[in-house]
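Here are some notes to read alongside the model. Please keep the sequence and the structure open while you go through them.

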Amino acid sequence: MPDFLDEVEACVPALRRYARALTRDADRADDLVQDCLERAIRKRSLWRPTGPLRAWLFRILLNVYRNDLRRDRRAPMSFPIDTMASEPPSPADQPGRLALADTARALEQLTAEQREALLLVALEGLSYAEAASVLEIPLGTLMSRIARAREALRALLEAPPRLRTVK
Amino acid sequence: MTKTEPGIPRDTLHAYIDGQLSAEAHAAVERHLASHQEDAALVAGWERDGHALRALYGPIGGESVPPALSPHRIARQGHGRPTDWRKLAAAGLVLVAVGAAAGWYGRDFTEAGQASTATLLDKAVAAHNLYVGEVVHPVEVAGAQDGHLARWLSKRLDRTIAIPDLKPAGFSLVGGRLLPDGRGPAAQFMYEDHQGRRVTLYIKPTLESGESSFRFANTGPVAALFWRDEGISCALVGELPRDELQAIATQAYEQLG
């Protein structure tokens with residue numbers, strides 16, 4: 001199945017990016033992607049996905065991610081590793097590092113549902129239809145989730161600084 | 001926060017940012033923004049946040065990928081971490097028989113963790129036996145409302161449950177119900193073929209990760225296949241020959257992923 005593996009390989013950079021934005025932890029993100037790939041390859045021997053491969057892979061990644069979160073809820077408190085210090089420096093014409101750090105923190109304060117949806121569209125550039133299929137929700141639900149996520153993010157960033165930093 | 005002017009709904013402004021509008025609709029929003037500063041400021045703020053997200057995480061998409069994440073390598077290594085059944089699974093699904101009638105309640109289960117499997121089976125078979133004979137109310141929610149059923153049970157189980165379509169095996173969905181299982185909920189889906197034979201699919205959330213192979217057990221005429229998938233444990237129960245049950249279970253397994 002070389003074609004399948006090549007197609008999966010082409011999606012890996014996007015999966016890593018999305019996983020990193022979800023977790024903000026480079027190691028954890030790559031673990032998620034590895035679990036996702038193992039699972040996809042295992043399922044592949046049984047099933048030729050009918051839908052687009054990219055959406056299918058994102059769906060698997062999210063399932064693995066959510067299951068991890070459920071386990072974390074039961075596990076002793078763990079502190080998320082803030083990877084801001086190792087984020088790539090931004091080009092000069094981009095928002096400054098501090099502004100980016102604020103955005104990253106605000107993103108963390110969205111609900112998981114909002115974060116998952118917004119990142120699929122705003123970071124990964126998926127169409128609404130594709131994102132709705134990844135999240136297995138109706139298109140209308142996806143659209144209101146995106147709207148609420150984006151408005152919540154903005155509200156967090158417009159809030160006075162001392163209210164902004166929670167973690 | 002600013003209110004959107006009449007004529008352009010909020011959703012449309014978001015769709016505009018996300019490039020989801022037709023060329024005409026896109027142009028109409030642009031014209032609107034040119035003459036409505038408040039909306040223009042709103043959109044500019046959202047776009048700035050979008051740029052920030054892409055500046056933060058976009059570069060990761062350009063990094064070189066660690067060798068461990070090469071799909072070719074993962075496939076070659078027989079699916080990586082040698083924790084459980086994965087090597088076996090490389091050759092396809094493996095059926096493991098865990099005992100005949102005597103082993104039903106777990107006396108044959110020797111490995112750790114299998115007590116919970118026995119409980120799962122116990123509950124799945126009990127639920128099967130209780131409801132499969134019901135003519136008037138075999139299910140809580142009929143299969144015709146499968147969208148509603150899937151959303152409802154996904155919410156109650158805190159898992160995305162895609163109700164498997166077993167028509168290729170000749171079984172159509174009768175419906176489903178929510179059941180208690182220990183401290184948590186479980187879902188049962190019932191299917192029926194044209195001869196009126198019924199099978200039930202029992203799904204319970206689990207915090208265990210990874211998958212297991214298919215396992216088979218039977219007691220009298222009732223047989224069950226059970227397995228664990230990412231985040232869920234499943235059992236397919238029915239008075240069917242093992243081969244047939246396995247064909248159906250394989251279809252369910254594929255669609256539940």
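**Notes on the predicted model**

1. Where pLDDT is low, the predicted coordinates should not be read in detail.

2. Chain A has a mean pLDDT of 81, and 74% of its residues reach 70 or more.

3. The largest nonpolar core has 57 residues; A:Leu15, A:Tyr18, A:Cys36, A:Leu57, A:Leu61 and A:Ala131 touch the most other members. Helix α1 (residues 2–23) of chain A gives the largest share of this core, 10 residues. Apart from this core lies another, of 41 residues, including B:Ile161, B:Phe171, B:Leu173 and B:Phe189.

4. Which residues does A:Leu57 touch, not counting residues up to four places away in sequence? They are A:Val8, A:Cys11, A:Leu15, A:Cys36 and A:Ala40.

5. Helix α8 (residues 242–256) of chain B reaches 20 Å from its first C-alpha to its last, close to the 21 Å expected for its 15 residues at 1.5 Å a residue. Its buried residues, among them B:Leu245, B:Ile248 and B:Tyr253, pack against β5 (198–205), β6 (214–219), β7 (222–229) and β8 (232–238) of chain B.

6. Helix α7 (residues 146–157) of chain B has 12 residues, so at 1.5 Å a residue it should span 16 Å; its end C-alpha atoms are 16 Å apart, which agrees. Just after α7(B), B:Asp158 takes a positive phi of about 55°.

Conventions: Residues numbered from 1 in each chain as written. Chains lettered and ligands numbered in written order. Predicted model: local features only at pLDDT ≥ 70, side-chain atom pairs only at ≥ 80, totals over all residues. Helix = DSSP H or I, 4+ residues; strand = E, 2+ residues; numbered from the N terminus. Expected span 1.5 Å × (residues − 1). Buried ≥ 20, exposed ≤ 12 C-beta atoms within 10 Å, placed from the backbone. Contact = placed C-beta atoms within 7 Å. Core = buried A, V, L, I, M, F, W, Y, C linked by C-beta atoms within 7 Å. pLDDT = per-residue confidence, 0-100.
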